[in-house]
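Here is a short report for a reader meeting this structure for the first time. Please look over the sequence and the model, then read on.

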Amino acid sequence: MKKLVFALIIFLMSVGHSFAESGYRLWMRYDQINDEALRTQYLKSLNGIRIDTVSPTLKAASDELGKGLSGLLGRTLGLSSTASIEAGSVVAGTPASSALIRGLKLQALAGLGDEGYLLSSTVHNGKEITVIAANTDIGVLYGSFHLLRLVQTQQPVVKLNIVEKPLLKHRVLNHWDNLDRTVERGYAGFSLWNWHLLPGYLQQRYIDYARANASVGVNGTVLTNVNANSLILTEEFLPKVAAIANVLRPYGIRVYLTARFSSPIEIGKLKTADPLDEGVKRWWKDKADEIYRHIPDFGGFLVKANSEGQPGPQNYGRSHAEGANLLADALAPHNGIVMWRAFVYSHEVAEDRFKQAYNEFKPLDGQFRKNVLVQVKNGPIDFQPREPFSPLFGAMPKTPLMMEFQITQEYLGQATHLVYQAPLYKEVLDADTYVKGKGSTVARIIDGSVDKHALSGIAGVANIGDDLNWTGHLFGQSNWYAFGRLAWNHQLSSESIADEWTGMTFSNVSEFKVSLRDMMMKSRENLVNYMTPLGLHHIMGWDHHYGPAPWIKDKPRMDWTSFYYHKADSLAIGFDRTASGSNALSQYSPQVRKFYGDLKTCPPEYLLWFHRLPWSYRMKTGESLWEALCQRYQSGAESMDPLIQGWNALAPYVDQERFDQVRMLLAIQKKEAWWWHDACLAYFQSRSGLPYPQGVTPPKESLKFYESQHFHFVPGI
């Protein structure tokens with residue numbers, strides 16, 4: 001019997017260890033620091049926690065500090081209840097909640113707003129202490145996570161003088177989750193939100209989701225798909241939404257919902273959803289009042305309208321502004337906002353899809369209510385591996401624009417490819433629009449500093465599901481993390497974010513961090529090379545967007561085909577968006593127009609985005625366009641061997657379970673990288689009729705073979 005009990009204990013310990021190393025803990029892994037000297041040094045500065053008044057948010061901060069510091073430092077640090085402050089105490093609070101912090105008269109707090117914080121090493125009654133101070137409780141929680149991040153990444157915590165506040169007001173995850181728990185473009189299992197069990201059953205996963213978002217400063221979540229279902233706005237679901245909101249609230253996260261524009265008809269039994277109809281206005285006002293009775297701090301609505309079959313104001317001859325203002329007026333008494341998506345295009349319009357969002361929205365500049373953000377995808381088409389920034393950024397100075405990035409990897413190998421997206425995000429954020437001179441970057445457009453907007457925001461389409469490690473691919477976590485960090489401070493570098501995530505998720509050994517950072521930083525460019533080099537775009541599989549399919553041409557609408565975007569024939573390839581073609585470049589400022597329109601200055605990465613060129617066109621390197629295209633595909637596919645070798649070399653630093661997760665996915669990625677290489681080269685060679693250059697591996701199979709591939713039950717549709 002004793003042997004059986006002992007065996008059971010060992011089994012349970014192994015299960016616990018397995019769960020702990022599965023990736024579930026994300027970057028909030030508070031395992032004991034191995035360096036005893038460093039741990040001893042930290043304990044001199046961080047040996048107790050003092051938080052006086054305990055609100056739900058301050059309790060979350062004290063719990064996180066207690067769990068985090070105790071785990072990292074190998075000593076239980078409880079919440080001090082004594083009147084005196086000991087040397088090495090961490091004192092956290094606001095002037096309202098802490099007499100000590102109030103007595104310090106911290107002048108820096110005046111400029112930190114509702115979410116900023118400061119970390120300060122100071123002396124109180126002759127004793128050195130660490131202060132986490134803010135104007136509000138949520139600022140204290142953000143500051144607590146910052147302190148933990150310093151310890152997790154083994155940074156100094158003495159002589160601290162850190163002052164932080166977010167550069168963007170609304171930092172939101174968009175979940176494309178359906179009420180049946182499927183997730184559109186989701187590759188990490190089913191939806192987090194178990195609607196059937198709500199509101200009665202609240203999973204620990206909801207709390208851990210809130211903790212993860214708060215740790216990077218995300219302060220909003222849209223629970224439902226932009227292809228919306230009106231049922232979410234009914235009394236059947238609102239108590240369930242309220243239950244989630246109650247869990248997220250202490251972590252500073254507001255809940256938003258997607259609003260289907262036809263809801264007054266579908267659940268309100270009205271005969272119209274015309275935004276200028278008085279009955280419709282009254283219905284939305286009453287619906288907003290109802291929602292706020294359930295959720296007093298409800299954030300507002302995200303709306304996809306008159307796009308890809310979704311209903312909207314244009315059904316009634318009304319504008320996007322009139323549709324957005326209808327909802328904005330209903331939300332305004334409650335301080336709610338509308339995030340109105342600019343992702344619109346129509347096959348009835350014989351215009352380059354690149355231009356359509358600009359054409360529809362620029363004339364409406366200044367017509368939106370002050371609580372409306374127009375949410376613009378980072379590029380003009382649809383989350384491609386590389387896109388020029390959307391020309392709408394800078395084109396609507398009277399309207400606050402909100403960035404929409406995609407964290408889920410719809411066009412980036414989905415959840416089987418290791419692709420660190422921070423360089424993609426930074427490429428867009430740092431792009432200069434020149435609309436008000438040099439330095440008018442996209443980041444400064446969306447943070448409001450160029451046009452002096454008080455309302456600002458950024459959204460990321462979430463890559464999160466109910467998989468044990470949250471994101472399917474372990475490295476998908478880095479993209480969730482990177483989005484949050486850049487949403488808080490878009491001035492951070494991709495490299496520094498990679499170092500943070502690597503140190504918190506795996507190891508702080510410098511050799512490991514340098515090697516993994518190098519792999520992560522190269523990963524996006526490698527993918528572009530084996531999928532869409534030289535500015536090719538939108539050449540993936542039909543509907544499911546899985547795998548290569550540059551041959552797609554006969555579909556219900558041309559702009560859902562690959563041929564529409566590359567137009568490859570025996571003479572040339574590419575989409576002419578200069579004045580001699582669609583003239584999409586005219587939507588940019590003169591400086592940007594000239595930069596991309598002139599073949600002397602257009603970077604090769606954007607060449608086929610803006611130019612249609614003969615296969616014989618000579619690149620700056622001296623090779624022909626055909627040769628350059630083949631070489632890019634070759635280098636992209638060949639990049640997988642160094643990536644796999646690099647990961648294998650890091651095995652001593654990574655636990656077996658997570659190492660194997662990544663190892664197996666890298667093998668799949670290598671296979672798929674060569675699939676892209678082979679299928680695309682086979683197709684484009686059939687167009688150009690040219691031989692493959694020396695050193696380029698010919699496709700393994702015929703073009704007919706690649707065209708015949710069909711896939712069933714691809715995730716994410």
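## A buried charged pair

Arginine 211 is buried, with a relative accessible area of 9%. Aspartate 208 is buried as well, at 8%. In this predicted model, aspartate 208 and arginine 211 form a salt bridge. Their closest N and O atoms are 3.0 Å apart.

Where do the two residues sit along the chain? Both belong to helix α6, which covers residues 204–216. They are 3 residues apart there, so about one helical turn separates them. In general, side chains of opposite charge can pair when their charged atoms come close.

## Other salt bridges

The count comes to 39 salt bridges. One of them joins arginine 658 to aspartate 655, with the closest N and O atoms 2.6 Å apart. Arginine 658 is buried, and aspartate 655 is buried too. Both also belong to a network of salt bridges. Glu21, Arg25, Arg29 and Asp31 are linked in that network with Asp655 and Arg658.

Another salt bridge brings together the side chains of arginine 618 and glutamate 627. Here the N to O distance is 3.9 Å, and the cut-off for a salt bridge is 4 Å. Is glutamate 627 buried or partly exposed? Glutamate 627 has 30% relative accessibility, so it counts as partly exposed.

## A five-stranded open sheet

In what order do the strands of the open sheet run? The 5 strands follow the order β1-β2-β4-β3-β5, and their pairing is mixed. β1 (48–50) and β5 are the edge strands, each pairing on one side only. From one strand to the next, the twist averages 25 degrees.

Strand β3 (residues 117–124) has partners in this sheet. It runs antiparallel to strand β4 (residues 127–133), and 7 bridges join the two. Within this pairing, leucine 119 has isoleucine 132 of β4 as its bridge partner. β3 also runs antiparallel to strand β5 (residues 161–164), joined by 4 bridges. There, serine 120 is partnered by asparagine 161 in β5. β3 and β4 make a hairpin with 2 residues between the strands. In this hairpin, asparagine 125 takes a positive phi near 55 degrees.

## A covered strand and its parallel partners

β12 pairs with strand β11 (residues 372–377) in the parallel sense, over 4 bridges. Glutamine 375 stands opposite methionine 402 in β12. β12 also pairs in the parallel sense with strand β13 (residues 457–461), over 5 bridges. In general, strands of a sheet pair through backbone hydrogen bonds, either parallel or antiparallel.

## The largest pocket

Now to the open spaces. The largest pocket holds about 830 Å³ of space. Which of its 31 lining residues are closest to its centre? They are Asp114, Glu115, Lys169, His170 and Asn219.

The lining of the largest pocket divides into 12 nonpolar, 9 polar and 10 charged residues. Helix α5 (137–152) supplies at least two residues of this lining. Strand β8 (254–258) likewise supplies at least two.

## The second largest pocket

About 500 Å³ of space lies in the second largest pocket. It is lined by 28 residues. Arg185, Glu308, Glu410, Asp543 and His545 lie nearest its centre.

What is the make-up of the lining of the second largest pocket? Its residues divide into 10 nonpolar, 8 polar and 10 charged.

How values were computed:
Residues are numbered from 1 along each chain as its sequence is written. This is a predicted model: local features need pLDDT of at least 70, side-chain atom pairs count only at pLDDT 80 or more; totals for chains, interfaces and linings use all residues. Side-chain values use heavy atoms; hydrogens and water are left out. Two strands pair if DSSP finds at least two bridges between them. Buried means under 20% relative accessible area, exposed over 50%, partly exposed in between (1.4 Å probe, protein chains only). Axes are lines fitted to C-alpha atoms, for helices over the stretch in contact, and angles run from 0 to 180 degrees between N-to-C directions. On a 1 Å grid over the protein atoms alone, a cavity is a set of points where a 1.4 Å probe fits but cannot get out, and a pocket is an open set with protein on both sides within 12 Å along at least five of seven lines; lining residues have an atom within 4 Å of a point. Grid points are joined across faces, edges and corners, and a volume is the space filled by probe spheres set on the points. Ala, Val, Leu, Ile, Met, Phe, Trp, Tyr, Cys and Pro count as nonpolar, Asp, Glu, Lys and Arg as charged, and the others, Gly among them, as polar.
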